[in-house]
Number of protein chains: 2
Amino acid sequence: MPYTYEYPRAAVTVDCVVFGYDAAALQVLLIQRGLAPFAGAWALPGGFVHVDETLDDAARRELREETGVTDLYLEQLYTFGALDRDPRERVVSVAYYALVDPAHFALAAATDATRAAWFAVDAVPPLAFDHAHILAVALARLRGKVRYQPLGFELLPEKFTLTGLQRLYETILGTPLDKRNFRKKILAMELLRELDEVEQDVPHRAARLYQFDESKYRALTERGFNFEL
Amino acid sequence: MPYTYEYPRAAVTVDCVVFGYDAAALQVLLIQRGLAPFAGAWALPGGFVHVDETLDDAARRELREETGVTDLYLEQLYTFGALDRDPRERVVSVAYYALVDPAHFALAAATDATRAAWFAVDAVPPLAFDHAHILAVALARLRGKVRYQPLGFELLPEKFTLTGLQRLYETILGTPLDKRNFRKKILAMELLRELDEVEQDVPHRAARLYQFDESKYRALTERGFNFEL
DNA sequence: GCATTATAGTGTTGCTATTACACTATGTCA
DNA sequence: TGACATAGTGTAATAGCAACACTATAATGC
């Protein structure tokens with residue numbers, strides 16, 4: 001049942017840049033398109049916004065449908081509205097970026113229409129549409145924001161070692177950090193709960209495990225505290 | 001000539017939060033709506049995005065048409081997609097925020113359809129749609145961003161005094177700043193060109209005028225320099 | 001023209017935060 | 001039990017930040 005409008009309209013899509021951290025590299029979740037345009041090419045998960053769902057809902061729905069990822073930190077990134085981003089028609093895309101621990105869930109099985117896989121952010125294949133550009137913007141945002149918001153924890157398992165956390169920050173920021181200074185700073189913030197557990201199955205002295213304490217963070221934030229580096 | 005689509009679609013609008021600085025207060029530019037919905041109410045300037053213009057172009061066009069403002073710093077803010085933001089139909093709004101020196105241009109004359117005026121940001125009338133929310137988000141962004149990007153200069157005349165610049169920052173940030181420390185810091189950045197001119201028509205010793213040096217800023221930025229406070 | 005007023009302009013010091021840096025401790029494995 | 005791999009820990013020098021008050025200059029009014 002077709003709908004009629006007085007003027008031609010732009011369609012609205014959402015596209016999601018899902019970051020994960022694994023194997024000591026920052027990864028991004030891509031899907032392989034089954035349909036034209038760009039059939040066979042890799043692309044960011046995403047799709048058209050339904051008329052009865054919010055943008056956030058659309059982003060979560062597309063992620064669930066196309067990749068199986070459900071539980072994640074999700075934040076709007078930017079809205080891309082170049083005239084020729086989609087060869088079919090005028091499409092405005094509201095881009096989101098998301099952070100997730102890849103070990104925490106299984107990717108959706110491949111279907112006829114789509115297949116999902118992780119790629120290291122510095123080794124992504126050519127992407128459909130303007131998705132390479134969107135990815136670049138998302139990376140810049142992540143690198144900028146991770147310095148003054150405790151986002152890094154979203155990419156790690158619930159329990160992690162201080163060295164693991166440091167490696168993550170080194171990977172995202174692209175610079176080595178001093179071990180003693182890093183630990184001093186992080187611990188001084190009192191955002192971490194020290195657990196009575198150590199990592200398992202390592203061929204050397206095991207490191208103590210820590211947990212991010214969301215409630216402490218919220219309490220501190222209300223008192224004007226600012227996370228930094 | 002109506003257009004037909006398979007599914008109902010969201011319409012796309014742009015809305016602009018235009019900040020100005022005058023009379024020692026931060027101001028926002030509003031228009032009074034002539035048409036339903038919200039006829040007579042004040043609202044952010046904005047309107048529907050044409051199918052053959054980018055989002056940025058649409059924002060600039062609406063500003064020109066509705067307010068007469070043409071030359072300004074304009075940046076995308078956030079995209080609002082709640083289901084009921086517009087009582088007529090589903091409308092997704094890409095919001096922009098803009099900075100301008102109000103003294104630099106004249107507001108567009110009132111027409112049957114619209115009338116533009118400045119309001120102090122802490123004394124705006126009730127706004128149409130979700131525009132009060134959009135304004136709040138824009139203010140938060142401005143307050144956050146002004147600390148690490150030299151945005152303040154966009155709100156001032158080309159030539160300004162150091163005290164004027166300090167007052168602006170105090171107004172936006174809502175905190176008093178130390179005069180000597182402020183001057184030291186700003187001058188140490190070497191972003192300002194010191195002019196051989198002083199302010200005119202003041203009933204006391206006249207202050208020296210300075211000018212923001214955009215090219216110096218770009219040069220420094222490329223070398224990893226970061227504006228702060 | 002002199003006193004008043006209003007703002008411009010200017011340095012130093014103590015404190016805090018940041019950086020740079022190297023060794024001992026502990027567990028695993030062969 | 002020795003070799004190994006990583007955990008875990010403190011200090012000193014430096015740089016950046018915050019706090020603070022007086023003199024200089026132009027205009028105005030008497």
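I take a polar contact as a pair of N or O atoms within 3.5 Å; within protein, one must be able to donate a hydrogen and the other to accept it, and residues adjacent in sequence count only if both atoms are side-chain atoms. Helices (H or I, at least four residues) and strands (E, at least two) are DSSP runs, numbered from the N terminus.

I am working on a predicted model, where local features need pLDDT of at least 70, side-chain atom pairs count only at pLDDT 80 or more, and totals for chains, interfaces and linings use all residues. Residues are numbered from 1 along each chain as its sequence is written, chains are lettered from A and ligands numbered from 1 in the order in which they are written, and side-chain values use heavy atoms, with hydrogens and water left out.

**Helix H4, chain A**

I looked at the start of helix H4 (residues 179–188) of chain A. A side-chain oxygen of Asp178(A) comes to within 3.1 Å of the backbone nitrogen of Arg180(A) there. Just after H4(A), I found Glu190(A) with a positive phi of about 55°.

**Loop between E3 and E4**

I checked omega next. Which peptide bond of chain A is cis, with omega near -5°? The bond from Ala36(A) to Pro37(A) is. Pro37(A) lies in the loop between strand E3 (25–33) and E4 of chain A. Phe38(A) is in the loop between E3 and E4 of chain A. Phe38(A) is not a glycine, yet its phi is positive, about 60°. For reference, most residues other than glycine have a negative phi, and most peptide bonds are trans.

Pro37(B) sits in the loop between strand E3 (25–33) and strand E4 (42–43) of chain B.

**Aromatic pairs**

I counted rings of Phe, Tyr and Trp (its six-membered ring) as a pair if their centres lie within 6.5 Å; planes under 30 degrees apart count as stacked, over 60 as edge-to-face and the rest as tilted. The count is 15 aromatic pairs over all chains. I noted Trp42(A) with Phe119(A), which is edge-to-face: 4.8 Å centre to centre and 70° between the planes. This pair links distant parts of the chain, 77 residues apart. Trp42(A) belongs to strand E4 (residues 42–43) of chain A, and Phe119(A) to strand E8 (residues 114–120) of chain A.

Two strands pair if DSSP finds at least two bridges between them. In chain A, three strands form an open antiparallel sheet in the order E9-E11-E10. Its edge strands are E9 (159–160) and E10 (192–198), each pairing on one side only. E10(A) runs antiparallel to strand E11 (residues 208–212) of chain A over four bridges. Leu192(A) stands opposite Phe212(A) in E11(A).

E9(B) pairs with strand E11 (residues 208–212) of chain B in the antiparallel sense over two bridges. Phe160(B) has Tyr210(B) as its bridge partner in E11(B).

**Interface of chains A and B**

How many residues does each chain bring to the contact (heavy atoms within 4.5 Å)? Chain B gives 31 residues and chain A gives 31 residues. Buried area is the accessible area (1.4 Å probe) that two parts lose on being put together, summed over both. I get about 2,600 Å² for chain B and chain A, 57% of it on carbon and sulfur atoms. Tyr5(B), Arg9(B) and Val51(B) supply 23% of the area that chain B buries against chain A, more than any other three residues.

I then searched for salt bridges (a side-chain nitrogen of Lys or Arg within 4 Å of a carboxyl oxygen of Asp or Glu). The rule finds two across the interface of chain B and chain A. The side chains of Glu89(B) and Arg9(A) form a salt bridge at 2.9 Å, N to O. Between chain B and chain A, 15 residue pairs are in polar contact (both at pLDDT 80 or more).

Strand E1 (residues 3–5) of chain A pairs with E1(B) in the antiparallel sense over three bridges. Tyr3(A) has Tyr5(B) as its bridge partner in E1(B).

Definitions and conventions. Contact means heavy atoms within 4.5 Å.
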